[in-house]
Amino acid sequence: MSRERLYDRFVRMDADKRRLLKLVSVLLGTVIFAIGIALLLPLLERKADLPQAIRDARQAAGPVSADVVRLSNEANDNIKALGALELPKEQERAVALLAEAERRNSEAYGKSVLLSEELKRIAEALPAVRSERAKRFLEEAVTIEVSLITEFIRYSKDLNAFLGEVNALIFNPTDENRERVKSTEARLNGRVEAINRFNEEFLRRMEELDRITK
C-alpha cells in the first residue's frame, strides 16, 4: 500500500473516530440531560406550592378527622365494656355506659359534618393545583376521607341499633336479645377497625404530599 493511500486511510479513520466521538458525546450529553431532568423533577415537585385555600382546609381537616377517629374509638371502648357486663344485674353501670357512648358518638357526628365541609373546600380548590402529583395525592386523600365518613355514618347507625338492643336486654334478658347484642357489637368493632384503617391511609397520603410540597 502506498504512503498516500495509507495516509488517506488514516485520515478517514481519524475522521470516522471524530464522528463517532462526536456521536458518543451527543448521546452522552443526552443521557446526562435526561438523568439531570429525572433528578431535578422530584426537586421541582417538592417545591410545588398549594393554593392557600387547600392549605387552610387541610390544616382544619386534620384535627377534625383525628377527633372523629378518637371519639369513635372511645365510644367503641364503652361498647366493649358493655359487652363485658352481666345484665341485667349491672343495669346501672350499663345505663351509664350507654349514655357515654351515645354522647361520644353524637360529638363525633358533629365533627364528621365539619370534616365534610373542609373536604368540600379542598375538592373545590383542586383545579388550581399545578402539580399533578400533589393533585393526585389530594384526590386520593379526599376519597379516603369520604370513605371514612361513610363508614362512620354506618357505625353511627349500627350504634343506635346497639343501644336499643342493650336497652331491650336490660329489661328482657333472653338468649335471643343477648345474641342480637353480641352480633351488633361484632359489627361495630369491624366498623371502627375500618375507620382506623382509612385514617392511617389518609395520614400516609398527607406524608407523601408533604414530601413534594415542603
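Modeller: The chain holds 5 helices and 0 strands. Along the sequence the pattern reads α-α-α-α-α. This is a predicted model. Its pLDDT averages 81 over the chain, and 77% of the residues score at least 70. Two stretches call for care. Over residues 2-17 the pLDDT stays under 50, and the model gives them 2 contacts beyond four places in sequence. Where pLDDT is low, the coordinates should not be read in detail.

Now the cavity. A search of the whole structure turns up 1 cavity of 30 Å³ or more. The space in the largest cavity is about 50 Å³. Its lining consists of Arg58, Leu119, Ile122, Leu138, Ala141, Val142, Phe202 and Met206. By type, 7 of these lining residues are nonpolar, none is polar and 1 is charged.

Three helices each supply at least two residues of this lining: helix 3 (91-125), helix 4 (132-171) and helix 5 (175-213). Helix 4 gives the most, with 3 residues.

Step back to the whole chain. Of its 214 residues, 36% are buried. Take the contacts between residues at least 6 apart in sequence: 83% of them join residues at least 24 apart. The chain exposes about 13,300 Å², and carbon and sulfur atoms supply 56% of that area.

Note on methods
Residues are numbered from 1 along each chain as its sequence is written. This is a predicted model: local features need pLDDT of at least 70, side-chain atom pairs count only at pLDDT 80 or more; totals for chains, interfaces and linings use all residues. Side-chain values use heavy atoms; hydrogens and water are left out. pLDDT is the predictor's confidence in each residue, from 0 to 100. Contact means heavy atoms within 4.5 Å. On a 1 Å grid over the protein atoms alone, a cavity is a set of points where a 1.4 Å probe fits but cannot get out, and a pocket is an open set with protein on both sides within 12 Å along at least five of seven lines; lining residues have an atom within 4 Å of a point. Grid points are joined across faces, edges and corners, and a volume is the space filled by probe spheres set on the points. Helices (H or I, at least four residues) and strands (E, at least two) are DSSP runs, numbered from the N terminus. Ala, Val, Leu, Ile, Met, Phe, Trp, Tyr, Cys and Pro count as nonpolar, Asp, Glu, Lys and Arg as charged, and the others, Gly among them, as polar. Buried means under 20% relative accessible area, exposed over 50%, partly exposed in between (1.4 Å probe, protein chains only). Accessible areas come from the Shrake-Rupley method with a 1.4 Å probe; for residues, only the protein chains shown count as cover.
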